[in-house]
Amino acid sequence: MRIAVLALLWGSSFLWIKLALEGGLAPLHVTIVRCALGAAVLLVLARSARQHLPRGRRVWGHLLVAALFCNALPFLFFSIGEQTVDSGVAGVMNATTPLWSLGLGFLLGTERGLGPKRLAGLLLGFGGTLLIFAPWQQSGLMSPGALALLAAAVSYAVAFAYMARHLVGRDTPPLALSAAQLLAATGLTTLGLPASPHTESAPTLTGVLAVVVLGVFGTGLTFHLNSRLIADEGPTAAATVGYLLPVVSVGLGALVLGEEVGVRVLAGMAVVLAGVGLTRVGPSRSRPEAHLPSSERTAARSTPVRARTTSGVSSTSSQPTAPTPATCQGDSM
């Protein structure tokens, strides 16, 4: 049940972004409010758990970089992209994040164990992405908005690698660390307000409600639910949520917004998910939670788990996982 709830909350984030944009909010405004409300939720949860924010300048310096690539930029890029691209396609693009992570790790030499199956999955996933956007067709989805969606997924991949090296394994508890990261993201995005275009009309009630739901539930509450799922059932169970996000985003886009989903896009989505599935097969230094959608992913590195399965062998552990090319939120976020 919790997996279904998480998938619905995360997968619906792209719907709320679209509704907020259609309700008169600019992409930057959606991003700022989302970060601020998500941070507020996490601060309340951290305080109730008696977790304190980090104090060292070095940690906050790393948090600023992580907040830029894991929250501020991808949140903004997804909002920009959804101005011209359907919310369902945005959800599918979010699912390509592990492919970019794997490709980046391979190029940097940090990814080992890239066997035939995982290499085939990497190529298959990128092939599915091309199938969705069909740049060879005039009717394809290739546009500045589509490129922004891809940039968001790449930004996540860069953030995962940085966070694995500089933030994983810190003494700061996960809730407090993620609250601090979203606070930093709020500050960074607020700096861009002077450059934001001025809107003549006030946002609609639907737009305001959509961004509130996005911030509170799609950004803040999902982190807490995900961290509890990891603690109770292990990262493998939490990882399965990521495979459901495109299905939820496409389904909600079609049902609520009336978005048309062509055969080519559905086929591309299936190919992307198949490719992602293959990259998870066989020995790997990457962790299952690497494909989860913003700051929530920090907890997947430091939350104790009851059981962890690696290469088909189950073991019990309460230690944080070793730093590897990893993750951040939810949007997924």
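This is a dialogue about a predicted model, its helix pair α3 and α9, and valine 85.

Mentor: Local features in this predicted model need pLDDT of at least 70 and side-chain atom pairs count only at pLDDT 80 or more, while totals for chains, interfaces and linings use all residues. Residues are numbered from 1 along each chain as its sequence is written, and side-chain values use heavy atoms, with hydrogens and water left out.

Trainee: Why are α3 and α9 called roughly antiparallel?

Mentor: The axes of α3 (residues 27–48) and α9 (residues 174–190), which are lines fitted to C-alpha atoms over the stretch in contact, come within 8 Å and cross at roughly 155 degrees. Angles run from 0 to 180 degrees between N-to-C directions, and those over 145 degrees count as roughly antiparallel, so α3 and α9 are described in that way.

Trainee: Which residues of α3 and α9 make the contact?

Mentor: With contact meaning heavy atoms within 4.5 Å, the residues include Leu28, Ile32 and Cys35 of α3 and Leu175, Leu182 and Thr186 of α9.

Trainee: What makes valine 85 count as buried?

Mentor: Its relative accessibility is 3%, and buried means under 20% relative accessible area (1.4 Å probe, protein chains only), so valine 85 counts as buried.

Trainee: Where is valine 85 found, and what does valine 85 touch?

Mentor: Valine 85 is found in the loop between α4 (57–81) and α5 (87–94), and, not counting residues up to four places away in sequence, valine 85 touches Lys18, Ser143, Gly145, Ala146 and Leu149. Glycine 145 is 60 residues from valine 85 in sequence, yet the two are 6.3 Å apart in space, C-alpha to C-alpha.

Methods:
Helix = DSSP H or I, 4+ residues; strand = E, 2+ residues; numbered from the N terminus. Parallel < 35°, antiparallel > 145°, perpendicular 65-115°, else oblique. Buried < 20%, exposed > 50% of the residue type's maximum accessible area, 1.4 Å probe, protein only.
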